[in-house]
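Thanks for coming. I have one structure to go through, so let me put it on the screen.

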Amino acid sequence: MDPRLPQVRALSVAGDTIAGGVDVREGGADTVGHERVDLEGRCVLPAFCDAHVHFLDWALARTELDLRGAASMAEALRIVAEAGGDGWLRGHGWLEEAWPDGPPTLEALDAVTADRPVALWAHDHHTLWVNSAALRSAGLGGSGIVRERDAWDFPLPERTPLERSQAVRAAMAAANARGVVSVHDYQRDRGRGLWQRLDADRRLTLRVHMSYPAEQMGAVEATELRTGFGSDLLRVGPVKAFMDGTLGSSTAWMLDGSGMVLTSAAEMAEIARASAVAGLSVAVHAIGDGANRAVLDALEETRAAWEELPVPPRIEHVQCIDDADVGRLAELGVTASMQPVHQRSDRDIADRLWGGRARCGYRWRDLLDSGAHLAFGSDAPIEDLDPLAGIDAAVNRDWYPDQRLDVADAVLGFTAGGAAAVGEHRRRGLLLPGYAADVVVLDTDIISHPDRIADAQVVATMLAGRWVHGRPPW
């Protein structure tokens, strides 16, 4: 992934570090060390970074009812009715915009669940569909549809520490099997202590940058934590704030005044200043073009406060951005943290809700051409944690195809882009001497064959010089 020498025929690893590469024009047989792994025609890339996940939520969602394939409310209700077990029934992934017989109602859910408490997260995790039993258990009333912060604060029963630990360990293995060795975790709660225990026990198989909600910044500041503090595998990440809701919940803050304002530009400016004083970088959720303009205004106003921090601010999602604002991220040095796979899930909803403004959605090419720095992720559990699916979405896009990326640029978004977003661009994300020996082995050279990305498979994954998935021989 170095334009000066884009391909080498052999790679040398010493301990946890890349020691060097061998030019394709050279023989190279004598340059490898005591252990030689013959790839037999396979392809090595820098291991992947998912720059936006809610890891514990994704880990637990893998144990829950999956409603992503439900094409109607009737089908979703059938899946719920057929679910076995007792106690709370949890699920995720429903998308009312795709339902011809929606919207979801309390009465419809009650009809198939009786007295069993049920809580079902929407696809975007900004809306919770609950039944009467769940409302009674929580001591609440209402319509059964709970949105935004009220949904996040809904008093669902806590998972046990053992349940969380088991789910996260299984999810780490699943992430490694998809070529991922690094995540930027935006888990809102109950995740950071578990990461610390796994790191202390030397059981981490991921590099984790863990964020903190903006409403907890006072507590973080009191402990004098700083962005970047931590161990080789676990570090403090940014403070996370929300400007607006989501496209799917019709709560994205648009320039026409529609949507939901969760944080104003003035409030965001105060968060940015306070974070900078505390040595913490900021990451800001912004979906609509109004939200993106507001956060850029706030960051421009406070630039003198944060520009000396080692890790720059970032906007999470940047799903719709006006022409007048595209160049502002590069001008300010703000990272565009985006999720290419969202485009495939959201395109029909964007066309319907945004109309002609949809051309301003998911502007990877325009942002890259403007000089903005891109970091790519999945937003798991909103989408599945799968970098190859994200790369394929970025490269083989057929909705506003002028926003397609070349394969190398898409790969960089999931490798060097993620490393740079957390200030580690000189240590990770490329296969250069002195960089971390984080590599993924694919069965296909996706750089040369972009038409094969969707079918490419991860063969093995290495973290810091040790195999964490698919140890050879194969």
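Which residues lie nearest the centre of the second largest pocket? They are Asp-57, Trp-121, His-125, Trp-152 and Gln-187, out of 50 residues that line this pocket. Before going on, the conditions: this is a predicted model, local features need pLDDT of at least 70, side-chain atom pairs count only at pLDDT 80 or more, and totals for chains, interfaces and linings use all residues. Residues are numbered from 1 along each chain as its sequence is written, and side-chain values use heavy atoms, with hydrogens and water left out.

A pocket here is an open set of points on a 1 Å grid over the protein atoms alone, where a 1.4 Å probe fits, with protein on both sides within 12 Å along at least five of seven lines; lining residues have an atom within 4 Å of a point. The second largest pocket holds about 980 Å³ of space, the volume being the space filled by probe spheres set on the points, which are joined across faces, edges and corners. Helix α1 (55-61) gives the most to the lining, with four residues. Helices and strands are DSSP runs numbered from the N terminus: H or I with at least four residues, and E with at least two.

Tyr-362 sits in the loop between α13 (341-354) and α14 (364-369), and Trp-399 in the loop between α15 (387-395) and α16 (407-413), 37 residues apart. Tyr-362 and Trp-399 are both buried, meaning under 20% relative accessible area with a 1.4 Å probe and protein chains only; exposed is over 50%, and partly exposed is in between.

Last, two buried polar residues. Gln-339, in the loop between β15 (335-338) and α13, has a relative accessible area of 3%. The side chains of Gln-339 and His-317 make a polar contact of 2.6 Å; that term covers N or O atoms within 3.5 Å, and within protein one must be able to donate a hydrogen and the other to accept it, while residues adjacent in sequence count only if both atoms are side-chain atoms.

Asp-289 belongs to helix α10 (residues 289-301) and has a relative accessible area of 2%. Its side chain reaches the backbone nitrogen of Leu-255 at 2.7 Å.
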